[in-house]
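Dear colleague,

Please find the structure below, handed over for your review. My findings follow it.

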Amino acid sequence: MRWRRYKAGYRKKITSTASSPVEQLYLTGTGTSFAMTSINLTSAFPPCSPADINDLHPTCFHPITQYPFYYSSSPQLLSNMSDQMLTLITPIVAYWLYSFFFHKLDTAGWKWPEKYRIHTSEEEKARNIATPSQVFWGVILQQVLQTCLGLWWLSVDEMGHNVDHQLKMQYFADVARPTMRSAFGTVLGETLLPEFAYFAYWWGVPVFQFALAMFCMDTYFYFGHRLFHSVEFLYKRVHSHHHRLYVPYAYGALYNHPVEGLLLDSLGAAIAEAVTGLSTRQAMLFFLIATLKSVDDHAGYKFPFDPFQIFTENSADYHDIHHQTIGIKSNFSQPFFVHWDSLLGTKLTRQDIEIRKGKKAEKEL
C-alpha cells in the first residue's frame, strides 16, 4: 500500500510541453542514465538564462551527480534478501540484540549499573507474575504474528534504480514556482527552484513523513491503550497479560496477549506506515527505531546518556509508573512522546506521586 504522488499522467503532461530533444531530455532524465544517450550532457544542461525562463520551459535541472548519504540505487540492500523481507527481520533482530544488552546488565553482577536501575533484581523476581519463559515464548508468538501481517501488508514499491528522481523534483518545482516567483522575482525564483526542489524531495518530505509517522503511531497507541484500560473486559481478558510484569524488563516489551499484539502494536505500526506513505526502506528505519524505543522504555534503567531518554520525556521511568498500581490509569503514551497524556490529563510524574503521598499523609494526621 504505497503513496503514489507521481502518476503516469503527470509524466505525460510534462513531457508533452517539450518542444525540442533537449527539453525532452530535461524532463525524462533519471540521474546518471538517460534514454537519449546520443545527446551531449554538457550542452544539454546549460546554465539557466533569463531567456529560458517562461511558463512552458521546465526548471533547468542538471543531472544528479551527488545523492544524499542515505541513498542507494541498488534494487535491494542485501544481495540475497529483498528489502521487504529485510524490513520484517530487522526489528526482530534489533529487539533481541538490544534486549540481550540489558539482560547482560541485569545478570552480570556488575556494580556500576545498579545506581541507574529503577527496581532491584529482588523486586523483579518477587513482584512479576509471568515467568521469564512465559515472557520469552509470548514475545516469539507476537513476532510471528507481526511477520505474517507484514508479509501481507508490505508491497513492492519503486526502488532507486528505476525511480525518475528528476521528474519527481520537477513536480516539487512546478508546485513551488508561483510562490518562489512571487517571493523572489522571476529570475531569482527560477534560479533557486532546483535547490529548493532538491531539498524538498530528498530531505523535507522524508523528514515530514517520519515525524508524521511517529505522531500517527503515538496517537493510535494512546487511544487504543487507554481503551484497553477503560473497558473491563478488554483489560481482564487481554491487556492484563502485559501487566503481569509489574517490574518491566527489556525483552518483556512485546509480552502481550496475541490479540493486543496484533491490534495495538503490529497494526498501529502498519497504519502509520500506510498513512504517511513511507517507502519500504523508510519503513525499515521507522520500525527499527520504534522497536528499540519500546525495548528501552521497558528496560528498567535511567541512564543519563541514553539517547532514547534524552530527547523525549517518554522514558523507562515514565513508563514504569504506568506499570505500578498508582499509575495504572496514567501514562498511556507510547512509544515516542507524551503530548496526548499532557493534553488529556493522564500524565503522572514522580513529582506528582510525591505530592499525592504528601497530601495523603496530611489527611491521616
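Trp203 is partly exposed, at a relative accessible area of 32% (partly exposed lies between buried, under 20%, and exposed, over 50%, with a 1.4 Å probe and protein chains only). This residue sits in helix 8, residues 186–230; helices are DSSP runs of H or I with at least four residues, numbered from the N terminus. Together with Phe69, Tyr70, Phe199 and Val207, Trp203 makes a nonpolar surface patch of about 580 Å². Such a patch takes residues with over 30% relative accessible area and no salt bridge, nonpolar side chains being joined within 5 Å; a salt bridge is a side-chain nitrogen of Lys or Arg within 4 Å of a carboxyl oxygen of Asp or Glu.

The model is predicted: local features need pLDDT of at least 70 and side-chain atom pairs pLDDT 80 or more, while totals for chains, interfaces and linings use all residues. Residues are numbered from 1 along each chain as its sequence is written, and side-chain values use heavy atoms, without hydrogens and water.

The loop between helix 13 (316–323) and helix 14 (339–344) contains Pro335, which a cis peptide bond joins to Gln334, with omega about -5°. Asn331 belongs to the loop between helix 13 and helix 14 as well. Although not a glycine, Asn331 has a positive phi of about 55°, and Asn331 is buried, with a relative accessible area of 0%.

In helix 4, a kink of about 25° lies at Ile89, shortly before the proline Pro91; the angle is taken between axes fitted to the seven residues ending there and the seven starting there. After helix 4 comes Gly109, with a positive phi near 80°.

Yours sincerely

Definitions and conventions
Helices (H or I, at least four residues) and strands (E, at least two) are DSSP runs, numbered from the N terminus. Patches are made of residues with over 30% relative accessible area and no salt bridge: like charges are joined within 9 Å, nonpolar side chains (Val, Leu, Ile, Met, Phe, Trp, Tyr) within 5 Å. Accessible areas come from the Shrake-Rupley method with a 1.4 Å probe; for residues, only the protein chains shown count as cover.
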